Amino acid sequence: MALPLLMVVHQDLDALERAEAELARRFSADFRVRGESDSVVALQQLTRAAERGDPVALVLADPWLPEVSGADLLRTVRTLHPEAARAFLVPWGSWADRRTAAAILHGMSVGDIDYYVLEPWTSPDELFCRTVSEFVQAWSRTVANRRREVVVVGAARDPRGHAVRSLLTRNGIPHAYLDRGTPEGIAVLESIGAPRAADAEGPLVIWFAALGGPVLLDPTDAEICRAWGIDTDLTGPDGDRVREVDLLIVGAGPAGLAAAVYASSEGLSVLCVEEQALGGQAGTSSLIRNYLGFSRGLSGAELAQRGFQQAWVFGARFVLTRRVTAVEPDDDTVPDTMGDGDRSPVFVATVSDVGQVRARAVVLATGVAYRRLGVPSLEALTGSGVYYGANVSEAHGLAGAHTVIVGGGNSAGQAALHLQRYAADVALVIRTPDLSSTMSRYLIDEIEASSTITVVPNSEVVGGGGKGWLSEVVVADRETGERRSLPADALFVMIGAEPHTAWLPADVVRDRWGFLVTGADMQDLGAWHLERPPCAHETSVPGLFAVGDVRSRSVKRVASAVGEGSVVVSEVHQYLALVDAARRERSPGGAERRG
């Protein structure tokens, strides 16, 4: 296969030469670099590349190209090469030019471009190369080949294969999924000396296939995480079992990860337990563009992986694929293992399959899950074309497919925009007359500009089915009751939110929907019985905090969840200081020490 293409198209020959030379200097060992001053010729080259199946990683275009404009060129690239990054190439200071600024803003709002790149003006131009490198790195994550760090060989439409892809994607593990009967899949199995494995049931997960790494046959989620080096029990790298910590965090979504970063950076011993994957629901988002500091946007999995690494280097411990099944206050003291007289934990948490851990304080960051459709014929196809949430790993398998998304929130919009790059069409089914009340404007603009996405308003899914795999979805108009069938190879359900809080003690106050009541809201209900006021994120059980989507009246946004996870750590410090002070008062000689 040909090397991936980096193309720059510019009518200014000097600017074209500088950009082409800088790309060649940094990237020519692994990419084909091509410059064109004629947009028509460039389009012909890109069309032929698509016909041959040659990969295209990045196209940079002058917005003001004659004949075929930069916007028109990049809009066509989006169809020819869905994975390719697309950007305007503009000179320094041009953002101050109203015409250029308008072109950039419009191009991004309708999805013609991913961002803009400043023309190199000197050599080496590290800013230019860094921007291109970021595009190339993001593109590389979309490429399926048998030289990836992890290769999964399995059936094209296999529920367990879907689950494995989802786990790897959400935990930021670079991988490729190859269909078992394809030449690429067969070649991988032959390269590791296991051609007969092609007949095995369940997916095969091959680690470092190019280096002849180990092969896992239909592994469990815990086996996959352990193979990648992620803890799935309470035994640490040194072989010692974690028995007590300052802070237990339940859930590793944005709120939980933020709490882990801030708590561990401030010297608290932290254990974070996550049942599914890093990032929570945010980890499934293909592109988050409205998170502060990431103007080009980043995937939810990338955001989660950065948060995980940041917390890990501060000393936070993580246990994945396990669920906290109980958290109970424990007032009994335990032996002073630290020798400072102030280490008695006050909570006992039970972690599924691995035992118990004691914690001085607990932060609940369990998030929410999408509500079930409740349609038996569709529930029976869960994992076989019907998915709750939208994992970007499914997109490549839906080339030319009919796709339906149920939901009108930002996550649904991000999923629709990502899936349209591959699917034949995307139907977005919403209960409201339009998207204005539930989705951010930047997503609405891009959806409205898409010829592939159709919004189905005032509707809900009432039926559907298929023989072993989804083939149709039935929707009903909520006003007239009229029903119609939509062809569907995949259905992604992203409706409402349900907190999983039933496992908590009965004295943890919830609202009528099951979300955890905290702070002043709890006082208003008369559920707080201590003299001191509760902290803003403290539940009715002192020392038990709730942040993110699981908290009643929280703002369901990634940035808000990160903010709450950060702020709650100062409240944990306040609580622990009160506990320590009270313990000293109760201890023998406490009065003398106060004197």
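Me: Which residue in β9 does I206 stand opposite?

Reply: In this predicted model, I206 stands opposite V215 in β9.

Me: What makes β8 and β9 paired strands?

Reply: Pairing takes at least two bridges between the strands. Strand β8 (residues 204-207) is joined to β9 by 3 bridges. So the two count as paired. They run antiparallel.

Me: What is the order of the strands in the open sheet?

Reply: The order is β7-β6-β8-β9, with mixed pairing. Neighbouring strands are turned by 20° against each other on average, direction ignored.

Me: Why are β7 and β9 called edge strands?

Reply: Each pairs on one side only. Therefore β7 (175-179) and β9 (215-217) are the edges of this sheet.

Me: How do you know that helix α6 packs on the sheet?

Reply: Contact means heavy atoms within 4.5 Å. Helix α6 (residues 159-170) touches β6 (150-154), β7 and β8. The direction of α6 makes about 165° with that of β7.

Me: Which strands does helix α8 lie across?

Reply: Helix α8 (residues 221-228) lies across β6, β8 and β9. It runs at about 10° to β8.

Me: Why is V8 called buried?

Reply: The cut-off is under 20% relative accessible area. V8 has 0%, so V8 is buried. Its place is in strand β1 (residues 5-9).

Me: What is V8 in contact with, leaving aside its neighbours within four places in sequence?

Reply: Its contacts include L16, A19, L23, L60 and L89. G35 is also one of them. V8 and G35 are 27 residues apart in sequence, yet 4.9 Å apart in space, C-alpha to C-alpha.

How values were computed
Residues numbered from 1 in each chain as written. Predicted model: local features only at pLDDT ≥ 70, side-chain atom pairs only at ≥ 80, totals over all residues. Heavy atoms only, no water. Helix = DSSP H or I, 4+ residues; strand = E, 2+ residues; numbered from the N terminus. Axes fitted to C-alpha atoms, helices over the stretch in contact; angles between N-to-C directions. Buried < 20%, exposed > 50% of the residue type's maximum accessible area, 1.4 Å probe, protein only.
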